[in-house]
Amino acid sequence: MKPSFKKTLAKMLGGMILFSTCTKSVIITAEPDTSKNSQDITLTCEAAVLMEGSTGEVIYSKNETKQLRPASITKIMTLLLIFEALEEGKITLTDKVPVSEHAAGMGGSQVYLEPYETQDVNTMIKCISIASANDASVAMAEFLAGSEEAFVARMNERAKELGMEHTHFVNCYGLDTDSHYSCALDVAKMSRELIINHPQISNYSTVWMDTFIHTTKKGQTEFGLTNTNKLIRSYEGITGLKTGSTGLAKYCLSATARRNDMDLIAVIMAAPDTKTRFSEAATLLNYGFANCSIYRDNAEGFDFSPISVRGGVKEEVMPTVRDTFSYVCLKGVAPSEISRRFELLKEVKAPVTKETIIGNIIYERNGAELGRVALYAKEEIEKAKYLDYLEKLLYEYLY
């Protein structure tokens, strides 16, 4: 499949409205205008994707849905489930995680955890993020779900929730196994979910070197951790994220970086060598930062007029904005060219809930609609009953 830029200046003509799965953003995508193709990027890897994080907009792709072995970038999903468990209060960073014989027996990349050794969650995350430790991944899987099998089932469930249609996990660490596969687009989706909703991952994924202490019956020994992502030492704005390589998967990488309030995700799969995966990820990131910018608006400070409520205990309700509108502008499209207008209902019938949509903010460029954000009722208003009408009449008569 020939690599192509998914977004061109044709997006200004409008397109299908999509809603972000991990941030309250509204975005639009449009089919590329083949008469205005951007300069192609030549990559030697088997598949690649460049995605903008806040919107999920795919800027560039090559074989983006081809099912390939993901190697240790599998651990992005493992880390996502760990951080979600932390956010939900199911675990804490200081919880002690036991190491089973099964976990300690993992091959491949490891930190040589010993059976019945314990480490806290914080240390396990360091081992997974920095050293890509298979043994730490399995120990955390067992700690969270009771068994690796149960954890992997949750990984596949979460993949479906994120719309990862070309992914199936068999293990939580990424060693080559039949029926264990993903694609560049799906890796970008789970990377996006992790960095946007759990930005603290960068506190781990950008650490170059660290240590932790093995404490066993034999005593204490210090073990060194070195990050496998070489970009964290050379690329400006790098925030992570994860490398992976096996004999069959070749060299994989999900590289994330942030500049000028914009998060980019560059996924490289099946590169021929480790140097190529880093250079081609940097090429994608450089393209994105050089040619794209983000327009965001949440209507902050706008003075809305109240909407009349018919048949309610209150006569008016104020609109409120919940979502942020986000739009990826290619080079040559200035955010200042985007305008907004408001459409509000003249009246809404009671009962009114906070889910009642009473208008929209419409975003346009050169008269073409780019997308819209719903305006919701700011408060709940119950339907007026007989006694409510009587009370109102008495109040008007007396005052």
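Q: What should I know about the model and its numbering before I start?
A: The model is predicted, so local features need pLDDT of at least 70 and side-chain atom pairs count only at pLDDT 80 or more, while totals for chains, interfaces and linings use all residues. Residues are numbered from 1 along each chain as its sequence is written, and side-chain values use heavy atoms, with hydrogens and water left out.

Q: How many helices and strands are there in the protein chain?
A: Helices (H or I, at least four residues) and strands (E, at least two) are DSSP runs, numbered from the N terminus. The protein chain has 9 helices and 21 strands.

Q: What percentage of the protein chain counts as buried?
A: Buried means under 20% relative accessible area, exposed means over 50%, and partly exposed lies in between (1.4 Å probe, protein chains only). Here 52% of the 399 residues are buried.

Q: What is the accessible surface of the protein chain?
A: Accessible areas come from the Shrake-Rupley method with a 1.4 Å probe; for residues, only the protein chains shown count as cover. The total is about 18700 Å². Carbon and sulfur atoms account for 50% of that surface.

Q: Among contacts between residues at least 6 apart in sequence, what percentage join residues at least 24 apart?
A: A contact means heavy atoms within 4.5 Å. In this chain the share is 66%.

Q: Which residues does Lys 126 touch?
A: Lys 126 is in helix 3 (residues 121-131). Lys 126 counts as buried, at 15% relative accessibility. Leaving out residues up to four places away in sequence, Lys 126 touches Ala 131, Tyr 204, Asp 210, Thr 211 and Leu 225.

Q: What span should helix 6 have, and how far apart are its end C-alpha atoms?
A: The expected span is 1.5 Å times one less than the number of residues. Helix 6 (residues 184-197) has 14 residues and should span 20 Å. Its end C-alpha atoms are 20 Å apart, which agrees.

Q: How many residues of helix 6 are buried?
A: Helix 6 is mostly covered, with 12 of its 14 residues buried. Among them are Asp 186, Arg 192 and Glu 193, along with Leu 194, Ile 195 and Ile 196.

Q: Which strands form the open sheet of 4 strands, and in what order?
A: Two strands pair if DSSP finds at least two bridges between them. The order here is 16-21-20-18, with antiparallel pairing. Strand 16 (319-321) and strand 18 stand at the edges, each with a single partner strand, so one side of each is left without a neighbour in the sheet. Neighbouring strands are turned by 35° against each other on average, direction ignored. Axes for such angles are lines fitted to C-alpha atoms, for helices over the stretch in contact, and angles run from 0 to 180 degrees between N-to-C directions.

Q: How many bridges join the strands, and which residues are partners?
A: Strand 16 joins strand 21 (residues 368-377) through 3 bridges. There, Thr 320 has Tyr 376 as its bridge partner. Strand 18 (residues 339-344) joins strand 20 through 6 bridges, with Glu 343 opposite Asn 360.

Q: How many salt bridges does the rule give?
A: A salt bridge is a side-chain nitrogen of Lys or Arg within 4 Å of a carboxyl oxygen of Asp or Glu. The count is 20.

Q: How do I read a salt bridge inside a helix, such as Glu 161 with Arg 158?
A: An α-helix has 3.6 residues a turn, so residues three or four places apart point the same way. Glu 161 and Arg 158 are 3 residues apart in helix 5 (residues 148-161), about one helical turn. Their closest N and O atoms are 3.0 Å apart. Glu 161 is partly exposed at 45%, whereas Arg 158 is buried at 10%.

Q: Which parts does the salt bridge of Arg 296 and Asp 261 tie together?
A: The closest N and O atoms of Arg 296 and Asp 261 are 2.8 Å apart. Arg 296 lies in strand 13 (residues 292-297) and Asp 261 in the loop between strand 11 (250-259) and strand 12 (262-271), so the pair ties together parts that are 35 residues apart in sequence. Arg 296 is partly exposed at 29%, and Asp 261 is partly exposed at 44%.

Q: Which residues do salt bridges with shared partners join into one network?
A: The network holds Glu 84, Arg 154, Glu 157, Arg 158, Glu 161 and Glu 193.
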